[in-house]
Amino acid sequence: MKTRKYDAQSLALVMVLLIVGAVIVFALYTRSVREQERLVGERASAEANEIAETTAGIIGSSDYNKVGEVFTHELDDCDDFGVGCNQENISMEDFAEILDELHDYIDVSEELRELGEIGEVEDYCTADISIRYGTERDDVGIERDEVYSLFLKPENPSGCEIDFEMRPVDNPEGFIMSTFSKDGGPGEKYLPYDRGDIQGYQYDGDSGNWKEHAPETGLIKLPEDMPQDRDVVNIYEIRFKSLGGLSRLSWDASDACELKDIFLIQVGATCGDRYVGKEFAMPSEPFAPPIFDYVLFNGAGELRPERIAE
């Protein structure tokens with residue numbers, strides 16, 4: 001009898017150990033599967049982000065007119081950028097061929113094709129694009145320490161008035177507005193830079209000669225906020241630089257103004273079930289990169305908010 005009792009206890013113990021072992025194995029398997037899914041998801045997100053970033057860089061460094069010509073010809077049913085042109089689920093190979101046409105000296109096909117391949121899954125990554133002309137109802141995101149310029153067409157009439165608004169999004173400290181003028185004569189030479197051509201604004205209070213800017217109530221108005229010795233007729237470029245975080249710029253121009261066209265472009269990539277999109281504006285005139293705001297110009301020393309003694 002004792003032997004049978006011990007045999008039953010041993011069998012029960014073995015069963016408990018088997019059940020516990022099965023639970024542990026299942027838990028480890030589930031964790032392994034989740035970890036693998038996480039790694040695949042992270043890789044897919046990284047691939048999608050790389051595709052979107054690469055695409056934005058290629059388009060952004062292209063000629064404005066070439067962008068209009070290529071996308072009008074290559075995108076389906078695209079003949080009016082005022083309405084907007086959109087296309088989704090473009091294969092990496094087709095998308096790379098479209099982007100290749102933007103540059104005579106860059107071949108992006110192989111790079112995008114490699115980015116779009118994970119394992120042997122066909123069309124694991126696809127691209128989307130939307131492009132249209134910008135309007136005054138739009139606003140433009142200016143990332144931390146990045147810049148954006150608006151350009152006025154030549155011979156703007158004296159009745160041209162523009163209201164600008166910069167709104168903080170990602171805790172920026174403020175922004176800098178710079179204006180560049182031309183003399184309006186033959187050859188359109190730039191006027192010498194003057195201290196009043198640059199102004200710093202803070203979102204919260206003011207310090208020194210940095211002005212306070214309260215969004216929605218403290219609009220920057222041209223020509224009222226321009227230096228006294230400048231005429232809005234001669235203004236060619238108005239440049240905004242966001243300091244320390246993301247800001248969004250919007251503007252409202254009078255009918256007398258003639259602002260040059262801009263493209264608003266959204267590019268996106270989907271790899272697996274992960275999507276990454278990028279939005280940017282492309283002006284018809286190229287403007288200097290952010291480093292321009294830190295360098296010397298006119299031989300007058302550093303670009304600083306206060307006048308440098310001569």
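Q: What makes Arg248 and Asp139 a salt bridge?
A: First off, this is a predicted model. The side chains of Arg248 and Asp139 meet at 3.1 Å, N to O. The cut-off for a nitrogen of Lys or Arg and a carboxyl oxygen of Asp or Glu is within 4 Å, so the pair qualifies. The two residues come from distant parts of the chain, with Arg248 in strand S11 and Asp139 in strand S3, 109 residues apart.

Q: Why is Arg248 called partly exposed?
A: Arg248 has a relative accessible area of 21%. Buried would need under 20% and exposed over 50%, so Arg248 falls in between.

Q: What makes Asp139 and Arg167 a salt bridge?
A: Their side chains come to 2.6 Å, N to O, and the limit is within 4 Å, so this pair counts too. Asp139 sits in strand S3 (residues 139–142) and Arg167 in strand S5 (residues 162–168), so the bridge ties together parts 28 residues apart in sequence. As for cover, Arg167 is partly exposed at 23% relative accessibility.

Q: How do you know that Arg274 and Asp273 meet in a salt bridge?
A: The value here is 3.5 Å, N to O. That is within 4 Å, so the label holds. Arg274 is partly exposed, at 32% relative accessible area, while Asp273 counts as exposed at 68%. Elsewhere, salt bridges that share partners join Asp139, Arg167, Arg248 and Glu279 into one network.

Q: How many salt bridges does this rule give?
A: The count comes to 7 salt bridges.

Q: Why is Ser247 called buried?
A: Ser247 has 0% relative accessibility. Buried means under 20%, so that one is settled. You'll find Ser247 in strand S11 (residues 247–253).

Q: What makes the link between Ser247 and Tyr203 a polar contact?
A: The side chains of Ser247 and Tyr203 make this contact at 2.9 Å.

Q: Why is Asp79 called exposed?
A: Its relative accessible area is 69%, and exposed means over 50%, so Asp79 gets the label. Asp79 is in the loop between helix H2 (64–74) and strand S1 (85–91). Together with Asp76, Asp77 and Asp80, Asp79 gathers in a patch of negative charge on the surface.

Q: Is Asp293 buried or exposed, and how do you know?
A: Asp293 is at 9% relative accessibility, and the cut-off is under 20%, so Asp293 is buried. Asp293 lies in the segment after strand S13 (274–283). Asp293 and Ile176 are 117 residues apart in sequence and 9.5 Å apart in space, C-alpha to C-alpha.

Q: What caps the N-terminal end of H2?
A: That's Asp63: a side-chain oxygen of Asp63 lies 3.0 Å from the backbone nitrogen of Asn65. Within H2, Tyr64, Val67, Gly68, Val70 and Phe71 are buried.

Notes. Residues are numbered from 1 along each chain as its sequence is written. This is a predicted model: local features need pLDDT of at least 70, side-chain atom pairs count only at pLDDT 80 or more; totals for chains, interfaces and linings use all residues. Side-chain values use heavy atoms; hydrogens and water are left out. Patches are made of residues with over 30% relative accessible area and no salt bridge: like charges are joined within 9 Å, nonpolar side chains (Val, Leu, Ile, Met, Phe, Trp, Tyr) within 5 Å. Accessible areas come from the Shrake-Rupley method with a 1.4 Å probe; for residues, only the protein chains shown count as cover. Lys and Arg count as positive and Asp and Glu as negative; His and the chain ends are not counted. The place of a charge is taken as NZ of Lys, CZ of Arg, CG of Asp or CD of Glu. Helices (H or I, at least four residues) and strands (E, at least two) are DSSP runs, numbered from the N terminus. Buried means under 20% relative accessible area, exposed over 50%, partly exposed in between (1.4 Å probe, protein chains only). A polar contact is a pair of N or O atoms within 3.5 Å; within protein, one must be able to donate a hydrogen and the other to accept it, and residues adjacent in sequence count only if both atoms are side-chain atoms.
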